[in-house]
Structure formats: C-alpha cells, structure tokens
Amino acid sequence: MADDLSPRRRFLVLAICCMSLLIVSLDVTALNVALPSLQRELDADVSGLQWTLDVYTVVLAAFLMLSGSMADRIGRRRVFRTGLVVFTAGSLLCALAPGLGWLIAFRAVQAVGGSMLNPVAMSIITNTFREPRELARAIGVWGGVVGISMAIGPIVGGALTHAFGWRAIFWLNLPIGLAALYLTRRFVPESRAARPRRVDPVGQVLVIVLLGSLTFGIIEGGHDGWGSPVILGCFAGAAGALAGLLLYEPRRAEPLIELRLFRSAPFSGAFAIAVAAFAALGGFLFLNTLYLQDTRGLTALEAGLHLLPMAGTTLLFGPLSGQLVAHVGPRAPLIPAGVAIAASGVLLTGLDARTPLPVLFAGYVCFGIGFGLVNAPITNTAVTGMPRSRSGVAASIASTGRQVGSALGVAVVGTVLVAGSRTAGMWVIAGCGAVVLVLGVVTTGRWARGTAERATRRLAAAERDARAGAEPGA
C-alpha cells in the first residue's frame with residue numbers, strides 16, 4: 001500500500017515515473033532537429049515531416065484516456081509495465097524503419113505504448129503521495145520534468161543526429177525503457193481504483209475520429225486545397241465526432257471523457273492552457289528547427305545548440321514553477337508564462353536569414369521562460385482537488401490536452417509555412433501565449449475556485465450514490 005511506503009521508496013517511485021515521462025516527452029521534440037536529415041534520407045515533403053511528428057501525438061492523445069481508465073481497472077503498475085514494453089518495442093522498430101511510411105506506422109506503435117505511461121504514472125504518483133504539500137512538491141517535480149524533457153529534446157536530438165544519424169534518437173529509448181521496466185517491477189507497488197470504470201468503446205472511437213480527422217484536414221488542407229471534398233469531409237467528420245461526444249458521453253454512467261470535470265473552471269482552464277502552451281511549443285520547434293537548418297544553413301548539432309537558451313531557461317524555470325505552485329498557487333507562474341510566450345512570438349515575427357543572434361536568442365529565452373513556468377500549474381490544477389478515484393481520468397485529460405496542442409501546433413504552423421508565411425506562424429505562437437495569459441487570470445480567481453469546489457462535491461456525491469446503489473447487489 002502507498003501509505004506503508006518509506007520516504008525513500010516514494011522518491012524512487014517518483015523517479016521511475018519521471019523516467020517514463022522523459023522518454024515519451026523526448027520523442028515529441030527530439031525528432032524536430034533531425035527533420036532535415038530525415039527529409040533527405042527518406043525523400044519526405046513537408047507534409048510527410050508533419051505526419052512523422054503528428055501521428056505520434058495524435059495517437060498518444062487518442063488513447064490516453066482509455067489507458068488511464070484501464071489502469072484504474074486492471075492495475076496501474078500492470079498497464080505501466082505494458083506501456084514500457086510496447087513503447088520500447090516501437091522505438092526499436094522506428095530505429096529500423098526502411099522508409100517514411102514504415103516510420104510513421106512505427107511511430108503510431110510507439111505512441112500506443114506512450115499512452116500507457118504518462119497518465120498512468122501521474123495516477124501512480126497521486127496515489128503514492130497522500131499528504132497535500134508532499135503531493136504538490138511531487139507534481140512540481142513532474143511538471144518540471146515535462147518542461148525539461150521537452151526543452152532538451154532538440155539538443156539531444158541534434159547531438160545524436162550529428163554523431164550517429166536520426167535513428168540514434170530511437171536507439172536511446174531502449175536502455176532507458178528497459179531500465180524503467182526493471183525498476184518498476186522492483187519498486188512500484190500495484191494499485192487500482194476501488195470502483196473501476198467501465199470501458200467506453202463508442203467514446204473511444206469518437207475521440208479517434210475527432211483527433212484524426214481534424215489533424216488530417218489541417219495538414220493536408222494546405223496541399224490539397226481547403227475546398228476539396230476530402231478536406232471538407234474531414235472537418236465535417238471532426239465536427240460530427242465532437243457533437244457525438246457532447247451528446248453521448250453525458251448519458252453514460254461511466255464515460256470515457258468525464259465531462260463533469262469541466263464544470264470546474266480551473267480544470268477546464270488547465271486543459272485549454274495545455275492545448276495552447278503545447279501548440280506554441282510544437283509550432284515553435286517545428287518552425288525554428290527548419291529555419292535554423294534550411295535558412296541559416298546550420299547542422300543538426302548547431303541547430304540544437306542554438307536552441308540552448310530556450311532549454312536552459314526551461315531547466316531553470318520549470319522547478320521554480322513547481323515551487324511557486326506549491327506555495328502560492330497556479331496564478332503566479334501562469335501570468336508571466338503567457339506574457340513570455342507571447343513576447344517570444346512577437347520578437348521573432350521578422351525572422352529571416354539576417355536576423356541578429358541577440359534578437360534570436362532573446363526570443364528563445366522568452367519562450368523558455370514561458371514554457372518552463374506553464375507545466376507545473378497545468379498538472380497541479382488538473383489533479384488536485386479531484387477525488388482520488390478520478391485521478392487517472394483527470395491526469396489523462398490533462399495529458400490529452402498537451403498532445404492535442406502539440407499536434408495542432410505542428411499542423412497549423414506547418415501549414416502556414418507551406419503557404420510561405422513564417423511570420424504568420426510566429427503570430428500563431430504569440431496568440432497561444434495570449435490565451436495562456438487570459439486563461440491564467442480568469443481560471444485561477446475566487447469565482448473559479450468556487451466552481452472547482454462545487455464540481456468536486458457533485459463528483460463525490462455521485463460516487464457515494466453509485467456505491468450505495470451497488471451495495472445491495474454486491
């Protein structure tokens with residue numbers, strides 16, 4: 001039981017969970033710097049590069065909530081270990097991929113495994129650290145690792161690509177994944193929800209259709225034309241799937257997407273902030289890694305090193321954000337995060353081959369500050385205050401927001417880049433920062449906290465009623 005674990009054992013559990021987060025998050029960003037190398041070797045166009053990144057985040061987002069609910073049902077450690085096996089196997093297949101189509105398919109396999117890691121690890125953490133302040137510190141570490149792993153990805157990816165080629169990015173996952181698998185077996189206790197949720201296959205299909213159709217439409221719309229029947233059909237399918245979710249899920253006793261969580265303004269804000277912040281990150285890295293190599297003529301290693309100011313400030317401000325959240329709440333880091341992300345986009349709107357390095361690095365520093373500050377409040381707001389039985393679902397929804405944002409950021413910025421407008425891509429990033437700022441103010445005040453308290457009471461009452469109704473037939 002989690003209550004019987006020593007402080008040292010709880011720290012080990014946190015470290016193991018962070019190892020899984022490290023490899024999953026690295027694979028979201030490390031491949032960005034390798035895109036020009038991959039493009040040359042596999043003869044890929046911009047659309048192919050977008051799919052190499054987005055198939056990972058779309059599949060990851062599509063299965064996160066299913067993985068969270070399955071972990072609550074059959075055991076969090078069991079699902080976590082399965083995820084490590086699938087992710088590591090998918091990484092091996094990616095490293096051996098003979099062509100672009102195979103690489104995209106194997107990235108999807110990787111993502112299925114990854115979907116069993118992050119939300120399940122967050123659920124393990126919330127059930128390991130029971131004391132509120134200790135949990136807040138653990139979540140702060142977790143949020144810091146999210147930012148750190150996403151930020152150092154381009155540097156690690158650039159170094160590996162320069163020294164060994166882009167396939168080395170996937171080879172790196174093998175020793176880390178195997179080590180995490182061994183440590184999980186040794187030190188992570190099994191846990192599951194007292195009353196696990198039922199599988200929701202209709203909801204799962206609707207989520208896959210929504211995310212897949214929307215991403216396909218955005219990526220391919222710039223190539224096939226926004227008025228083409230296929231693209232219009234994709235957007236119609238996405239709208240229909242969204243309507244289906246909104247109509248079907250509230251009618252289920254145990255839905256895949258717990259829409260009642262969104263009655264909490266802080267929770268809704270955390271989800272929307274995750275989408276906006278990670279859309280900014282996905283678009284920022286996609287645009288800048290291509291700019292540094294294609295426009296400025298840098299190697300993959302040099303491009304990674306040029307992004308060091310962003311990584312360094314993220315490393316510094318990620319843990320600071322966790323401390324701020326633990327001591328004064330989420331508003332303190334969210335407001336400067338939004339300002340910094342927006343400022344970075346504005347600073348770099350005139351990006352060209354002659355942009356002075358001080359201006360470039362100032363934009364990267366601003367983005368690193370903003371992204372470093374934004375992660376801890378997202379995770380903290382999503383899972384704290386919720387019933388522990390909802391921790392897996394709440395963490396899954398927050399993680400889904402991150403992956404949806406990354407996918408949309410790459411899709412939108414890549415599409416405007418194909419249209420020949422790097423400036424428009426930077427304005428998209430600035431707009432994402434403005435969204436973080438506004439939501440950081442609106443969803444962290446007294447009114448928002450009141451909605452969270454009411455939502456939590458309703459969820460707790462619904463659980464009591466469900467248990468009371470189940471007892472006679474038990």
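**Contacts, cores and helix packing in a predicted model**

Leaving aside neighbours within four places in sequence, Phe-216 is in contact (heavy atoms within 4.5 Å) with Trp-51, Gly-221, Val-230 and Cys-234. This is a predicted model, so local features need pLDDT of at least 70 and side-chain atom pairs count only at pLDDT 80 or more, while totals for chains, interfaces and linings use all residues. Residues are numbered from 1 along each chain as its sequence is written, and side-chain values use heavy atoms, with hydrogens and water left out.

Phe-216 lies in helix α10 (residues 201-224); helices here are DSSP runs of H or I with at least four residues, strands are runs of E with at least two, and numbering starts from the N terminus. With 29% relative accessibility, Phe-216 counts as partly exposed, that is, between buried (under 20% relative accessible area) and exposed (over 50%), using a 1.4 Å probe and protein chains only. Its contact partner Val-230 sits 14 residues away in sequence and 9.7 Å away in space, C-alpha to C-alpha. Another partner, Cys-234, is buried at 13% relative accessible area.

What about the other cysteines, and how many disulfides does a search of the whole structure find? The count is 0, taking a disulfide as a pair of cysteine sulfur atoms within 2.5 Å. For Cys-18, the nearest cysteine sulfur belongs to Cys-17 and is 7.0 Å away. Cys-18 is buried too, with a relative accessible area of 10%.

Helix α1 (residues 7-33) packs against helix α2 (residues 35-42) at about 70°, and the axes are 4 Å apart. Axes are lines fitted to C-alpha atoms, for helices over the stretch in contact, and angles run from 0 to 180 degrees between N-to-C directions. The pair is therefore roughly perpendicular, the label for 65 to 115 degrees; under 35 is roughly parallel, over 145 roughly antiparallel, and the rest oblique. On the α1 side the meeting residues are Leu-31, Asn-32 and Val-33, and on the α2 side Leu-35, Pro-36 and Leu-38. They split into 5 nonpolar, 1 polar and no charged, where Ala, Val, Leu, Ile, Met, Phe, Trp, Tyr, Cys and Pro are nonpolar, Asp, Glu, Lys and Arg charged, and the others, Gly among them, polar.

Between α2 and α3, the loop holds Asp-43. Its phi is near 55°, a positive value in a residue other than glycine, and at 70% relative accessibility Asp-43 is exposed.

A nonpolar core is a set of buried Ala, Val, Leu, Ile, Met, Phe, Trp, Tyr and Cys residues joined through side-chain atoms within 4.5 Å. The largest one has 88 residues, and those with the most contacts inside it are Leu-38, Phe-80, Leu-103, Ile-125, Trp-142 and Val-207. Helix α3 (residues 46-74) gives the most to this core, with 12 residues. Apart from it lies another core of 37 residues, including Ala-274, Leu-281, Leu-287 and Met-310.

Gly-425, in helix α18 (residues 422-442), is buried at 0% relative accessible area. Beyond four places in sequence, Gly-425 touches Leu-287, Val-413 and Val-416. Ser-321, in helix α14 (residues 308-328), is likewise buried at 0%.
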